[in-house]
Amino acid sequence: MASTPHIVVLGGGSTGAGVTRDLAMRGFDVTLVEQGNLTHGTTGRMHGLLHSGGRYAVSDQSSARECIEENRVLRDIASHCVEETGGLFVKRPEDDEAYFQEKLEGCEACGIPAEVLSGAEARAMEPHLAEDIDKAIWVPDGAVDPFRLVVANAASAVEHGARVETHSEVTDLLVEDGDVVGVEVEHASGPGLRVHGTEGGREEIRADHVVNATGAWAGQIGDMAGVDIEVRPSKGVMTIMNVRQVDTVINRCRPKGDADIVVPHETTAILGTTDEEVDDPEDYPEERWEVDMMIDTLSELIPALEGARTIRSFWGVRPLYEPPDVGSTDPTDITRDFFLLDHDDRDDLSGMTSIVGGKFTTYRMMAEGISDHVCDRFGVDAACRTADVPLPGSEDFSVLRDYMDEFGLQSPIGRRSVERLGSRADEVLDTDGPNPVVCNCEAVTHAEVQDAIEGSGSDLNAVRIRTRATMGNCQGGFCAHRLAGELQDSYDEPTVREAWDELLQERWKGQRHALWGQQLSQAMLNYALHATTQNRDRDPADAPGSVDFAAFDAGPADAVDHGDTDRAGDTGVATDGGRDGD
């Protein structure tokens, strides 16, 4: 082929971003299309576990071997996205001893480092473990930031010439003579970086090949071309606690079951999960009993959870796939392996390939597989380099601790900033002016926020996933308005107000299932701050027409002009601080 093939990748989760990076690094012309923000779907709704493979060491050893292989790769290429927590599979007295031994032997068979600890040794590592924990198996599980990892993949892809379009929904596939030749896309607010208030538009993006990496939405994309993709979406709930009760990933050592893992993540701990098949990846019940069950069951492992503060809950949908002739009735029986569907061979529809199933930990391996497939299609002889080339921010992690002193940032603010930015700390934090903290809970500074705005435009939820601002204990109560203020130098007032409202709405969605005890008090305080003090629910600026500010306050000038009283003329505004009564 004389010209460079143009590949359109659908889906801005880990797999789609990974495919885009891989193909761009191999020299393809690539466009990524995502209906929401990066990580909008399954990737942004996972518990943040970097699998060692121990979880699958008994039931699915093929997946277990893939996990430990990719676990090691991601520690090398994405060090600023991974926290090496380690993991424990803990056994309670009622748990099956034979299964404990199967788990240990399975880890050994799959090449997963594993060490048996006594109950006392496990509690010495994690003091909040229940007193009756018998023993545990240590494995190299970890915690991973899915937002940071996907953004880093997208950034690398852009550096290699890719185009990334978020907030762009695929409305149709372009099919001509049995060949997929592109996609029709509706941009929410115009091409390029998202800019609120700019009229969106429809675009036909022609392509030499389309990669369908939309996960749980893959079946809906297949329907547009008349092919059947048997994705079986399965929902799972995650509940976020306000502190890290543990520093190690805690797994229950028993066969499949709900509520069997706690993952330390940044300043919080995430409890998970359930596994229930649903019909629609966007429309399913989110029920309070699921949250209660998470806390009640996992308190058997960590009693401190019972009285801890829950700050929010969220549900994710696994994009499980099972070949049509298997027919599992229980979603927990469906393999976590991934499948490449060549629609030319499978459905006599050329021009499109789908990738379904799989796990977050193996996203890079999945991307390599589908990129190899695309290379074969176009006769491109270019090797995959994604396992060897660090992602942006991880090029030289060993120098990071020096940045704290260099930029005069005090711990823990400096430490948190440097951990998030990795080797980009120099580039972002080396500012001429002051660098105050914008989000106190997560120690996010002005420089980080401005860097995120430069990369994502006015979308404050995109700023959130890049920095963690508003994701701490107050859930934006004390910093959402500060984030909005960070937009004022670059965007007009309506744009800032819209972005502010969208951020508040996103923060509220996850708190609806956590409204009791201290979090209810926090939510009421947030309401008082946002709706009452800041008037966000009845802001006159949201009404049609211009705001008549004189109707509220004639301003201090009148008081100065009249100059003979403690009252500002006929406005009724006191200027004496109330010292003289009414």
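A polar contact is a pair of N or O atoms within 3.5 Å. The structure shown is a predicted model.

**Exercise 1. State how the chain is built overall.**

Step 1. Begin with the secondary structure: the protein chain has 18 helices and 23 strands.

Step 2. Turn to burial. Of the 582 residues in the protein chain, 56% count as buried.

Step 3. Consider the contacts with a separation of 6 or more: 70% of them in the protein chain are accounted for by residues 24 or more positions apart.

Step 4. Finally, the accessible surface of the protein chain comes to about 24,300 Å², and 47% of this belongs to carbon and sulfur atoms.

**Exercise 2. Describe helix α14, its start, its cover and what follows.**

Step 1. At the start of α14, a side-chain oxygen of Asp459 comes to within 2.9 Å of the backbone nitrogen of Asn461. The cut-off for a polar contact is 3.5 Å.

Step 2. Helix α14 spans residues 460–467, and seven of its eight residues are buried, so the helix is largely enclosed by the rest of the structure.

Step 3. The buried residues of α14 are Leu460, Asn461, Ala462, Val463, Arg464, Ile465 and Thr467.

Step 4. Their cover includes the helices α5 (146–159), α11 (413–421), α13 (446–456), α15 (480–485) and α16 (493–511), together with the strand β23 (444–445).

Step 5. After α14 comes Arg468, whose phi is positive, near 80°.

**Exercise 3. Ser417 belongs to one of the helices that cover α14. Determine its setting.**

Step 1. Ser417 is placed in helix α11, which is among the elements covering the buried residues of α14.

Step 2. With a relative accessible area of 0%, Ser417 is buried.

Step 3. Not counting residues up to four places away in sequence, Ser417 touches Leu429, Ala443, Thr445 and Glu448.

**Exercise 4. Identify the aromatic pairs and the charges that sit over rings.**

Step 1. Searching the whole structure gives three aromatic pairs. In one of them, the rings of Phe28 and Phe378 have centres 6.3 Å apart and planes at 70°, so this pair is edge-to-face.

Step 2. Locate the partners. Phe28 lies in the loop between α1 (14–25) and β2 (29–33), while Phe378 lies in helix α9 (residues 363–378), so the pair ties together parts that are 350 residues apart in sequence.

Step 3. Phe28 counts as buried at 5% relative accessibility, and Phe378 counts as buried at 18%.

Step 4. Phe360 and Tyr363 form another aromatic pair, which is tilted, with 6.2 Å from centre to centre and 35° between the planes. Phe360 and Tyr363 are both buried.

Step 5. Look for charges over rings. The charged end of Lys359 sits over the ring of Tyr56, 5.5 Å from the ring centre. Arg536 lies over the face of Trp500, at 4.2 Å from the ring centre.

**Exercise 5. Which elements contribute to the largest nonpolar core, and which residues have the most contacts inside it?**

Step 1. The largest nonpolar core has 30 residues, and those with the most contacts inside it are Leu88, Val90, Leu129, Ile250, Val262 and Ile302.

Step 2. At least two residues of this core are supplied by each of β5 (87–91), β14, β17, α7 and β19. The largest share, five residues, comes from α7.

Step 3. Helix α7 covers residues 288–298, and its buried residues are Glu290, Val291, Met293, Met294, Ile295, Thr297 and Leu298. These buried residues pack against β14 (231–241), β16 (261–265), β17 (268–272) and β19 (310–321).

Step 4. Apart from residues up to four places away in sequence, Ile302 touches His128, Leu129, Gln245, Val246, Ile250 and Val262.

Step 5. A second, separate core has 26 residues, including Ile7, Ile355, Met365 and Cys375.

**Exercise 6. Is Asp260 buried or exposed, and which residues is it in contact with?**

Step 1. Asp260 is placed in the loop between β15 (249–252) and β16.

Step 2. At 5% relative accessibility, Asp260 counts as buried.

Step 3. Leaving aside neighbours within four places in sequence, Asp260 is in contact with Arg55, Ile250, Asn251, Arg252, Arg254, Gly272, Thr273 and Leu298.

How values were computed:
Residues numbered from 1 in each chain as written. Heavy atoms only, no water. Phe/Tyr/Trp six-rings, centres within 6.5 Å; stacked < 30°, edge-to-face > 60°. Helix = DSSP H or I, 4+ residues; strand = E, 2+ residues; numbered from the N terminus. Buried < 20%, exposed > 50% of the residue type's maximum accessible area, 1.4 Å probe, protein only. Lys NZ or Arg CZ within 6 Å of the ring centre and 35° of its normal. Contact = heavy atoms within 4.5 Å. Polar contact = N/O pair within 3.5 Å; in protein donor to acceptor, adjacent residues only side chain to side chain. Core = buried A, V, L, I, M, F, W, Y, C linked by side-chain atoms within 4.5 Å. Areas by Shrake-Rupley, 256 points an atom, 1.4 Å probe, with all protein chains shown as cover.
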